[in-house]
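Please look over the model shown here before reading the report, which is meant to be read alongside the coordinates.

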Amino acid sequence: MSRRNAKTTEEIALGIRRRVFEHAMRNNGGYLSQACSAAEQLAWLYNEQLELGAPTLPMIPKPFGGVPSADNPTYHTGAGYNGPPRSDLDRLFIAPAHYALVAYATLIEVERMAPEGLEMFNKDGSSVEMIGAEHSPGMEVHNGTLGIGFSTAAGLAWARKRKKETGKTWVFMSDGEVQEGQTWEAIQCAAHHGIDNLYAIMDVNRQQCDGAMNTVMEVGDIKTKMENFGAVVVSIDGHKLDEMRDAAKEKHKGKPLIILANTSPFRGMPTLQRRFPRLHYVRFKSEQERAEMNHDIARALGVDPIDYAGAH
Amino acid sequence: MAAKKKTAPAKGAQTGVEMVNRPYERAFEKYAMAHPEVMCLSADLTSSCEIDKFRDKHPDKFISLGMAEQNMLSFAGGMGMAGYRPFLHTFGVFLYRRPYDQLMASVAYPRRKVRLMGFLPGVTTPGGMTHQAIEDISVMRSIPNMTILETGDATEVESICEAADSIDGPVYCRVLRGSVPRLFDTPIQVGQMRELALGTDVLIVTSGITTEEALRARGALEAKGVSVRHLHLNTIKPFDAQAMLDHIQSVKGGVVTLENHVTEGGIGSLLAEIMADNGVGKRLVRLGLKDTYAHGGSRPYLMKFYGLDATALVAGVETLLGKKLGITEDDLTIARVEAVHSTVKAEGL
Ligand SMILES: Cc1ncc(C[n+]2csc(CCOP(=O)(O)OP(=O)(O)O)c2C)c(N)n1
């Protein structure tokens, strides 16, 4: 599939890491490891794989406009950053909503949101929420309660198939979600109903809030389990774009296709390894650590250290 | 008539409110280590619930259940059958929204001694709709056999484990974490409301973080000549209606409730039920989230935006009195420290 952007997907992935790094430095912490593990996946989805129309919402996000209610007729979701919901176009759900920071950085890199959008991250009254809300840029439903994303996508994909829509439905997932029973119900359902216009790419970084997944709740061989539940599964190196491109071509008639992107939670920012196994939300423990990380990560990403004096 | 207990103001606080860091962390460890049947269960939010040090120090009393809340609830029910008293730790929402059926069938119906420690109640989390337990009290109040406790200060957090574990059945607790103000110096006594002021014009009923807001408002209200009766609830279910009825009848005007929760099904509804059941012909102003979801943001922003703060309470009292009092934001800030320590005298009703 042709690139839509002047930038290569590699450049976009690097740009995502740089933006999330800068943000985390200025705010004394953030979802850094998710940028490390997921940058290629989101860059690839937006820059190559997804067929999306032009954004329908302003480049600079509007403030929070209220929640869905009969009294709020102008309410809308943030899906317009992914373009209009046309029958021939694709849809994307970010299932682990705490990846929002990385997703917003991606929207900026692919020129669907202005860089000012990231300045609004987690600010009071803003729609650019820390845990992506359905009114946040690029989001169409609330997924902050993990494990519901694949089910929603399966339902939408089923409906789109019935309506003879040609667009695909994609979900970006996290591996923590396989601990929730609903994920398995969703795969079993998608297989049973032959929902093959449904695609997922899962960031298998082997991390969750409490640390390494095998110390918190062992999930075993995800690929075999998913296959047994009825999906076609391709396991790849989640930092290799060619493997991603090939995986998406895998035949999966009558079944959903799930790509397991095996990743490193410190890819591109090797110094983060020092924080293992507490990587879920990296808050710097001291000014010294912040300064060291700033120096080391900036060098690894090929940028100048961030001037965060005057920030938080 | 239920026995009433005088609640003394916190000591040494004439200079300001004492802030206590991570009171749950210490209190839980102390309590759990003194009680062999108490077990610590966690659902991948271990440090967010201040039990990470406990996990590291006492691994054989800590059970990691991962991000799988439905299983955790029924698993806890099973442990309860063998005489253990599991303390479940996660954000409040994740204890009842997804695992509601498990909560009913495995915990509430059979009256297992399961202690549900719900962190980040209401708008105390910036995580938005999926993280904000804004209808938990309503849900729990409608579950037979359930007890509901809510902490409003550091002393209540320090005593929540003992209070919860004294319940012969399941209990849901709203627990505050992080830096928590100390407003009281006596522990939670299950079933006993705190009488923080015994004025005669209006009755203000609060619980959890809204009590501190009421303390801010109270001094300003009193400075304008409004005699305030203020009650703090740490036990929401079961509830002694008679004691509350006596307070309602002791004020000339009506009642204002302020809660970190939707106005349906929480303490506002509790008051409405008591008043209607007993034919009390007084007005009730229920403040809280007005039949709306909230969104993500800082706690002070959300409390202001959704009308859960001292300013909203003053407006509620004005509604009740049918007049403006001319209280400004500045009056409220100043009132904060003093009001916390206004002397309270016991009243034999
Ligand atoms: C149902 C539910 N339970 C708990 C949480 C709290 N929570 C947020 S992220 C997370 C796990 C993170 O693991 P993963 O999804 O693999 O993301 P990563 O650590 O790789 O960022 C948890 C437990 C939640 N959001 N939803």
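## Basis of the report

The structure is a predicted model, and every value given below was computed from its atoms.

## The ligand site

The ligand is surrounded by 22 residues, and the closest of them are Gln34(A), Gly144(A), Ser174(A), Asn205(A) and Glu69(B). Because the surrounding residues come from chains A and B, the site is shared between these chains. By residue class, the shell around the ligand is made up of six nonpolar, eleven polar and five charged residues.

On the chain B side, an N or O atom in the side chain of Glu69(B) is 2.6 Å from a nitrogen atom of the ligand. Of the 580 Å² of accessible area that the ligand has on its own, the protein covers 98%.

## The parallel sheet of chain A

Chain A contains an open sheet of five strands, which follow the order S2-S3-S4-S8-S7 and pair in parallel. Strand S2 (91–94) and strand S7 (232–237) of chain A each have a single partner strand and stand at the edges, so one side of each is left without a neighbour in the sheet. From one strand to the next, the twist averages 20 degrees.

Within this sheet, strand S4 (residues 198–204) and strand S8 (residues 257–262) of chain A run parallel and are joined by six bridges; Ile201(A) has Ile259(A) as its bridge partner in S8(A). Helix H5 (residues 149–162) of chain A packs on the sheet, where H5 touches S2, strand S3 (169–174), S4 and S8 of chain A, and the direction of the helix makes about 170 degrees with that of S3(A).

## The mixed sheet of chain B

An open sheet of five strands is also found in chain B, with the order S9-S11-S10-S13-S14 and mixed pairing. Its edges are strand S9 (194–198) and strand S14 (284–289) of chain B, each of which has a single partner strand, so one side of each is left without a neighbour in the sheet. With direction ignored, neighbouring strands of this sheet are turned by 15 degrees against each other on average.

Four bridges connect S9(B) with strand S11 (residues 228–233) of chain B in the antiparallel sense, and Glu195(B) stands opposite Leu231(B) in S11(B). Helix H8 (residues 210–223) of chain B packs on the sheet, touching S9, strand S10 (202–207), S11 and strand S13 (255–262) of chain B, and its direction makes about 170 degrees with that of S11(B).

## Backbone details in loops

A cis peptide bond, with omega of about 0 degrees, joins Phe276(A) and Pro277(A); Pro277(A) is found in the loop between S8 and strand S9 (282–283) of chain A. In chain B, Lys237(B) and Pro238(B) are joined by a cis peptide bond with omega of about -5 degrees, and Pro238(B) lies in the loop between strand S12 (235–237) and helix H9 (241–249) of chain B.

Lys164(A), a residue other than glycine, has a positive phi near 60 degrees, and its place is in the loop between H5 and S3 of chain A.

Key:
Residues are numbered from 1 along each chain as its sequence is written. Chains are lettered from A and ligands numbered from 1 in the order in which they are written. This is a predicted model: local features need pLDDT of at least 70, side-chain atom pairs count only at pLDDT 80 or more; totals for chains, interfaces and linings use all residues. Side-chain values use heavy atoms; hydrogens and water are left out. A residue is near a molecule or strand if one of its heavy atoms lies within 4 Å of it. A polar contact is a pair of N or O atoms within 3.5 Å; within protein, one must be able to donate a hydrogen and the other to accept it, and residues adjacent in sequence count only if both atoms are side-chain atoms. Accessible areas come from the Shrake-Rupley method with a 1.4 Å probe; for residues, only the protein chains shown count as cover. Ala, Val, Leu, Ile, Met, Phe, Trp, Tyr, Cys and Pro count as nonpolar, Asp, Glu, Lys and Arg as charged, and the others, Gly among them, as polar. Two strands pair if DSSP finds at least two bridges between them. Helices (H or I, at least four residues) and strands (E, at least two) are DSSP runs, numbered from the N terminus. Axes are lines fitted to C-alpha atoms, for helices over the stretch in contact, and angles run from 0 to 180 degrees between N-to-C directions. Contact means heavy atoms within 4.5 Å.
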